[in-house]
Amino acid sequence: MIYEPVIGLEVHIQLLTESKIFCSCSTKFGAVPNSQVCPVCLGMPGVLPVLNKKVVEYALKLAIATDSKINPRSIIARKNYFYPDLPKGYQISQYEEPFCEFGKIGIYVDGIGNKMIGLTRIHMEEDAGKSMHAESYVSEEESLVDVNRCGVPLLEIVSEPDFRSSKEVSAYLIRLRQIVRYLGICDGNMEEGSLRCDANISIRPGGQKEFGVKTELKNMNSISAVEKALDYEIKRQIAVLEEGGKIQQQTLLWNSNKNVVEPMRSKEYAHDYRYFPEPDLVPIVIAKEWIEQIRVTMPELPLAKKQRLINEYNIPEYDADVLTDDPALADYFESVAKKVKDKKAASNWIMGEVLRALNEKNCNINELKITSDHLAEIIQLIEEDTISVKIGKMVFEDCLSSGISPNKIIEEKGLLQISDTSEIDIIVDNILKKHPNEVKLYQEGKEKLLGFFVGQIMKATQGKANPKTVNEILKKKLYGKR
Ligand SMILES: [Zn+2]
């Protein structure tokens, strides 16, 4: 029997506003626990929340980017539940009449091609606090609560059950993360929890229309964890059905240490949220003019940027894909490519050296000491035959750690390429004199030895000899002696 997985996602993104959704407390990450709170975000009796306009603006941006239908009027709802990290006993969210509906996000999956994933809805809500269990300052028998996160603005993006494999899910998460980063509304950092993903998953025999019983998967804090957890759960459900069992509707937690899913204590999560319209907040009514104002300020989105890079700089699709993953990386590329002749070289340097440096330093591109101007300088120096590619890489490393301009590094370290033929002539003569046996073997037909001679010359000149000139002179001299 062939089974088909059916997966839907609920993604929460934390918005990059400076203040919270209904009060003016700071949203800054990493502050002293319980220092960024006020009566409003703690839900003290008698307080009145006020909606942060920036949150609505950011929500509009995502709605436009995902081609969603924006509801001119939407309702803010109160979702009631008790949990230690939610001292006020309810969360302000949206339920019926959400902010926007019927959007879509395009993904590309190897072997399947392009596919559109439908969005059921996007709505605004406030985050809850955080229970601390594993931190160094929490002893084994206790749990502490940090309520700084209470009231931090979130958007929840609910997809249709359109995914048929874990690969489609990870392609979607990568694309969504890319979109919110391009819009500048969320940093997309899954490890720090600013992008969180829960999945609903069921399986059904191939060809069957009705959905199977679904389970909910939580606690996956990286895209690879999502993929692993889904693959695990698909296999688990198939095994249950094959053995004649039934899937139980339940919430499962991914345990990334053991690579298994574990059931949550189900009673604790048998929710009845008793939603009702939030009495302290009026409905949100959005003027058409405001939507249009935001529409004209929309940045170029990933797919459009990718196509433009291919057209303008004539780089391969693969390169454009890598370079547009992060808008800051694409800007860096464009800034280099505009200054050099060889656009593909710019792309190669960035996909090779720059991405490696970013990985090693685990930082973002604007924090690198080697700026786009520096990299352009290195590529220009190579294009002008002032330095070799090899020296270029040395200069890159130097600039990466010092931030000193490549021209200055070359000048200070005397790394100018030797292109002067008379100078190279003398060096080649010396090397040939030192290795009479190899010269003899070469002349007897062992032409592979050319590489050996080039290596010796490069060693003698610390890599500074112009390789093209070296090759020419070397061949001439070796043939001359034949
Ligand atoms: Zn507050």
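**Going through the model**

Biologist: Which side chain does the side chain of Ser68 make a polar contact with?
Modeller: That of Thr66, at 2.9 Å. Keep in mind throughout that this is a predicted model.

Biologist: Where does Ser68 lie?
Modeller: Ser68 is in the loop between helix H2 (53–65) and strand S2 (69–70).

Biologist: Is Ser68 buried or exposed?
Modeller: Buried: the relative accessible area of Ser68 is 13%, and the buried class covers values under 20%. Leaving aside neighbours within four places in sequence, Ser68 is in contact with Ala63, Cys100, Glu101, Phe102, Gly103 and Ile122.

Biologist: New topic, the metal. Which residues coordinate the zinc ion?
Modeller: Cys23, Cys25, Cys38 and Cys41, each through its SG atom, at 2.3 to 2.4 Å. Along the chain these donors follow the spacing C-x1-C-x12-C-x2-C.

Biologist: Which parts of the chain does the pair Cys25 and Cys41 tie together?
Modeller: Cys25 lies in the loop between strand S1 (3–14) and helix H1 (39–42), while Cys41 is in helix H1, so the pair ties together parts that are 16 residues apart in sequence.

Biologist: Are Cys25 and Cys41 buried or exposed?
Modeller: Cys25 is buried, with a relative accessible area of 10%. Cys41 is buried as well, at 5%.

Biologist: What is the geometry of the site of the zinc ion?
Modeller: Tetrahedral, with angles of 100 to 114° among the four donor atoms. For reference, the ideal angle for four tetrahedral donors is 109.5 degrees.

Biologist: On to the rings. How many aromatic pairs are there?
Modeller: Nine. One of them is Tyr95 with Tyr275, a stacked pair at 3.6 Å centre to centre, with 5° between the planes.

Biologist: Where are Tyr95 and Tyr275 in the chain?
Modeller: Tyr95 is in the loop between strand S5 (90–93) and strand S6 (100–109). Tyr275 is in the loop between strand S14 (260–263) and strand S15 (276–277). The two are 180 residues apart, and the pair links distant parts of the chain.

Biologist: How accessible are Tyr95 and Tyr275?
Modeller: Tyr95 is partly exposed, at 39% relative accessible area. Tyr275 is partly exposed too, at 25%.

Biologist: Which residues do ring pairs link into a cluster?
Modeller: Tyr81, Tyr95, Tyr273 and Tyr275. Tyr273 also has Lys79 over its face, at 4.4 Å from the ring centre. Elsewhere, the charged end of Lys393 sits over the ring of Trp349, 5.8 Å from the centre.

Biologist: Now helices. How many residues of helix H8 are buried?
Modeller: Eight of the eleven residues of H8 (residues 327–337), so the helix is largely enclosed by the rest of the structure. The buried residues are Pro327, Leu329, Ala330, Tyr332, Phe333, Glu334, Val336 and Ala337.

Biologist: What covers the buried residues of H8?
Modeller: The cover includes helix H3 (166–183), helix H6 (302–313), helix H7 (317–323), helix H9 (343–361) and helix H10 (372–383).

Biologist: Last one. Where does Gln237 lie?
Modeller: In helix H4 (residues 223–242). Gln237 is buried, with 0% relative accessibility.

Biologist: What does Gln237 touch?
Modeller: Not counting residues up to four places away in sequence, Gln237 touches Ile201, Ser202, Ile203, Val213, Thr215 and Ile247. Its side chain also makes a polar contact with the side chain of Glu233, at 2.8 Å.

Note on methods. Residues numbered from 1 in each chain as written. Predicted model: local features only at pLDDT ≥ 70, side-chain atom pairs only at ≥ 80, totals over all residues. Heavy atoms only, no water. Donors = N, O, S within 2.8 Å, 3.2 Å for Na, K, Ca; no water. Tetrahedral: all angles 85-135°; square planar, octahedral: opposite > 155°, others 65-115°. Helix = DSSP H or I, 4+ residues; strand = E, 2+ residues; numbered from the N terminus. Buried < 20%, exposed > 50% of the residue type's maximum accessible area, 1.4 Å probe, protein only. Polar contact = N/O pair within 3.5 Å; in protein donor to acceptor, adjacent residues only side chain to side chain. Contact = heavy atoms within 4.5 Å. Phe/Tyr/Trp six-rings, centres within 6.5 Å; stacked < 30°, edge-to-face > 60°. Lys NZ or Arg CZ within 6 Å of the ring centre and 35° of its normal.
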